[in-house]
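Work through the exercises below with the structure open. Try each task before reading its solution.

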Amino acid sequence: MDIEEKKLLSSYAKSELVGGLILGEYARRAKDNFLRDKLIHHSAEEIRHASYITTLLEKNGGSISAHDEKGSHYYAKAGFPKSEIEVLAMTEVFEPVALLHYKVYVDTKGVSDDVKNVFHKIIKEESHAGWITNWLDTQLDKSAVDEARNRYRKVIEEVYLQELERLKKLEGLVREIAINADKYIKRHGLWE
Ligand SMILES: [Fe+2]
Ligand SMILES: [Fe+2]
């Protein structure tokens with residue numbers, strides 16, 4: 001595993017961890033029993049994904065850098081969500097792009113079996129966002145839901161596409177992954 005792949009894995013672990021912490025914080029605040037239970041499970045799953053990737057990095061002599069000093073990551077750009085609608089719209093929007101990227105990653109030639117196994121496990125668990133769309137669609141404040149969904153889509157489009165451009169300029173496996181992701185998006189769009 002080269003240094004760029006370690007950095008990439010570290011950034012995924014960081015996203016999973018931060019996503020899980022934000023969901024956990026909203027679970028702590030939730031007044032509604034259904035929402036609290038769902039958020040606890042969802043938070044636990046994201047933090048478990050961070051832990052799978054951390055174990056993978058440890059096995060390969062890497063570790064995760066948990067801080068985003070430059071504030072350039074998705075969550076830094078999106079800001080801390082201010083409402084339950086915001087936290088769920090953000091999660092709904094971020095999930096499919098993470099899933100798309102992980103799928104492209106495991107299908108890229110040259111990815112080690114160790115990495116593939118971890119991402120196959122994560123991909124299986126990443127189909128956990130269906131309840132969020134149902135919840136958002138039943139909210140009375142439709143304009144707040146639309147506004148949040150659109151705003152987070154713009155964040156993802158900006159940060160993810162910029163990140164792919166950066167990765168395409170590197171060497172080795174991460175470059176191949178970025179090229180494949182780029183091809184996939186050109187064929188299917190980011191929000192297939
Ligand atoms: Fe996850
Ligand atoms: Fe997820």
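**Exercise 1. Find the residues that join α4 to α8, then describe the packing.**

Step 1. On the α4 side, take Leu100, His101, Val104 and Tyr105; they meet Ile177, Asn180, Ala181 and Tyr184 of α8. Contact means that C-beta atoms, placed from the backbone, lie within 7 Å. Helices (H or I, at least four residues) are DSSP runs, numbered from the N terminus.

Step 2. Sort by class: the contact of α4 with α8 has 6 nonpolar, 2 polar and no charged residues. Here Ala, Val, Leu, Ile, Met, Phe, Trp, Tyr, Cys and Pro count as nonpolar, Asp, Glu, Lys and Arg as charged, and the others, Gly among them, as polar.

Step 3. Helix α4 covers residues 84–107 and helix α8 residues 173–188; they pack at about 125 degrees, with axes 9 Å apart. That makes α4 oblique to α8. Axes are lines fitted to C-alpha atoms, for helices over the stretch in contact, and angles run from 0 to 180 degrees between N-to-C directions. Under 35 degrees is roughly parallel, over 145 roughly antiparallel, 65 to 115 roughly perpendicular, and the rest oblique.

A note on the model: it is predicted, so local features need pLDDT of at least 70 and side-chain atom pairs pLDDT 80 or more, while totals for chains, interfaces and linings use all residues. Residues are numbered from 1 along each chain as its sequence is written, and chains are lettered from A and ligands numbered from 1 in the order in which they are written.

**Exercise 2. Describe how α1 passes α4.**

Step 1. The axes of helix α1 (residues 3–29) and α4 come within 11 Å and cross at roughly 150 degrees. The two helices are therefore roughly antiparallel.

Step 2. The crossing of α1 and α4 is left-handed. Gly19, Ile22, Leu23 and Tyr26 of α1 make the contact with Glu84, Val87, Thr91 and Phe94 of α4.

Step 3. By class, the contact of α1 with α4 holds 5 nonpolar, 2 polar and 1 charged.

**Exercise 3. Is Leu9 buried or exposed?**

Step 1. Locate Leu9: helix α1.

Step 2. Count neighbours. Leu9 has 23 C-beta neighbours inside 10 Å, so Leu9 is buried. The cut-offs are 20 or more for buried, 12 or fewer for exposed, and partly exposed in between.

Step 3. List partners. Beyond four places in sequence, Leu9 contacts Ile53, Leu56, Leu57 and Gly62. Ala50 is 41 residues from Leu9 in sequence, yet 9.6 Å away, C-alpha to C-alpha.

Step 4. Look across to helix α2 (residues 33–59). Its buried residues include Ala50, Ile53, Leu56 and Leu57. Their cover includes α1 and α5 (113–125).

**Exercise 4. Which residues of α7 meet α8?**

Step 1. In α7, pick Leu164, Leu167 and Lys168; they meet Val174, Arg175, Ile177, Ala178, Ile179, Ala181 and Asp182 in α8.

Step 2. The contact of α7 with α8 divides into 7 nonpolar, no polar and 3 charged residues.

Step 3. The axes of α7 and α8 lie 8 Å apart at about 135 degrees. That makes α7 oblique to α8. Their crossing is left-handed.

Step 4. Finish with burial. Val145, Ala148, Tyr152 and Ile156 are the buried residues of α7. Their cover includes α3 (74–78), α4 and α6 (130–137).

Note on methods. Contact = placed C-beta atoms within 7 Å. Left-handed = near helix turned anticlockwise from the far one by under 90°. Expected span 1.5 Å × (residues − 1).
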